[in-house]
Amino acid sequence: MPHDHHDHDHLSPSGHPFRKDNDSALSYWQTMEVAIRELMVEKGELTLAQIQAQIDAMDDRSPANGAAVVARAWTDPEFKKRLLENGSDAAREMGFDIGPMHLVAVENTADTHNLIVCTLCSCYPRNLLGLPPDWYKTREYRSRAVREPRAVLREFGVELPADMTLRVHDSTADMRYIVLPARPAGTDELSADDLAKLVTRDSMIGTGLPKAP
Amino acid sequence: MTYTVGTSVRIKAMSPLGHIRTPHYLRGKTGIVERVLGPFKNPEQLAYMVPAPTRTLYRVRFEMGHIWPDAEAPQDTLDAEIYEHWIDQDAT
């Protein structure tokens, strides 16, 4: 319950708790980052504009990129085959700069559902989907997604039939994962662009399903 | 040695300290090689910025009912990436 705050003595006029200001001194690593950045600029290795451009590029990544890949796979069987064989190459083929990321796409079908988690940290296909949601990084999601995944899915509103196989993928090392959701019924007439609008971030993590048309 | 797809493998039950990529809940468990991912530099050494040899990385599939005896759906599976040096050669 988002507005069920218990600390009623410290609420802002809008009813939310005040967030603590982060005006403490720089940490050791923050100081080192500033020092190295300034040194690189001073020595002409990088310009401030290049650094800003890289930050902008990272901020521009969003689930819309993954949704475009999914929609293409729904409409182009040969592309779907390539995506399932080598996710990285398929994403690059669509023009997404995914760096050295090793992408594995796992397909939801009539009898299989896939769910992605990283129990050890917060591995996520950021190069394709942008930043992970906060809950993806919580100890609760990371532990429960492997311990009681069907209960977790129910909390996300996804009730799997008993005869459906759930495959949980723990990103423990060098791969990053994206779920290729099943194409919703009643979308035969839709273009790839319109299909992409049905593909949610959570449907590519496996905690959700695509929207109905 | 390289394990082929479909081979049954057991994960070592050791508990070394440091940066480890094999989750505790899979140690000592047996699964099936789902795919061979190829050679990668061993992250357990990369993390300490020391020379890291390449090791073969596998995706290993475990049955939920094997990992968790009280699993709601024992036939569900869990896939994880496991480095070759975590596979118990004496058990395969």
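**Helix α1 of chain A**

I began with how well α1(A) is covered, and found it hardly covered at all: of its 15 residues, the count of buried ones is 0. I keep in mind that this is a predicted model. The helix runs over residues 28-42 of chain A. From first C-alpha to last I get 21 Å, close to the 21 Å expected at 1.5 Å a residue. Following α1(A) I came to G44(A), where phi is positive, near 80°.

**Domains of chain A**

Next I looked up the domain assignment, which gives domain 1 as 8-59 and domain 2 as 62-205 in chain A. The C-alpha centres of these two domains of chain A lie 30 Å apart.

**A pair of helices**

Then I turned to α3(A), residues 63-75, and α4(A), residues 77-85. I noted both angle and distance, because two packed helices are described by the angle between their axes and the distance between the axes. The axes of α3(A) and α4(A) come within 5 Å and cross at roughly 125°. The two helices are therefore oblique to each other, and their crossing is left-handed. On the α3(A) side I found V69(A), R72(A) and A73(A) making the contact, and on the α4(A) side F79(A), K80(A) and L83(A).

**A loop residue in chain B**

Last, I visited M49(B), in the loop between α1 (43-46) and β3 (54-63) of chain B. Is M49(B) buried or exposed? I noted 7 C-beta neighbours inside 10 Å, so M49(B) counts as exposed. Its phi is near 55°, a positive value in a residue other than glycine.

Methods
Residues are numbered from 1 along each chain as its sequence is written. Chains are lettered from A and ligands numbered from 1 in the order in which they are written. This is a predicted model: local features need pLDDT of at least 70, side-chain atom pairs count only at pLDDT 80 or more; totals for chains, interfaces and linings use all residues. Helices (H or I, at least four residues) and strands (E, at least two) are DSSP runs, numbered from the N terminus. A residue is buried if 20 or more other C-beta atoms lie within 10 Å of its own, exposed if 12 or fewer, and partly exposed in between; C-beta atoms are placed from the backbone. The expected span of a helix is 1.5 Å times one less than its number of residues. Domain bounds come from an automatic or database domain assignment. Axes are lines fitted to C-alpha atoms, for helices over the stretch in contact, and angles run from 0 to 180 degrees between N-to-C directions. Angles under 35 degrees count as roughly parallel, over 145 as roughly antiparallel, 65 to 115 as roughly perpendicular and the rest as oblique. A crossing is left-handed if the near helix is turned anticlockwise from the far one by less than a right angle, and right-handed if clockwise. Two residues are in contact if their C-beta atoms, placed from the backbone, lie within 7 Å.
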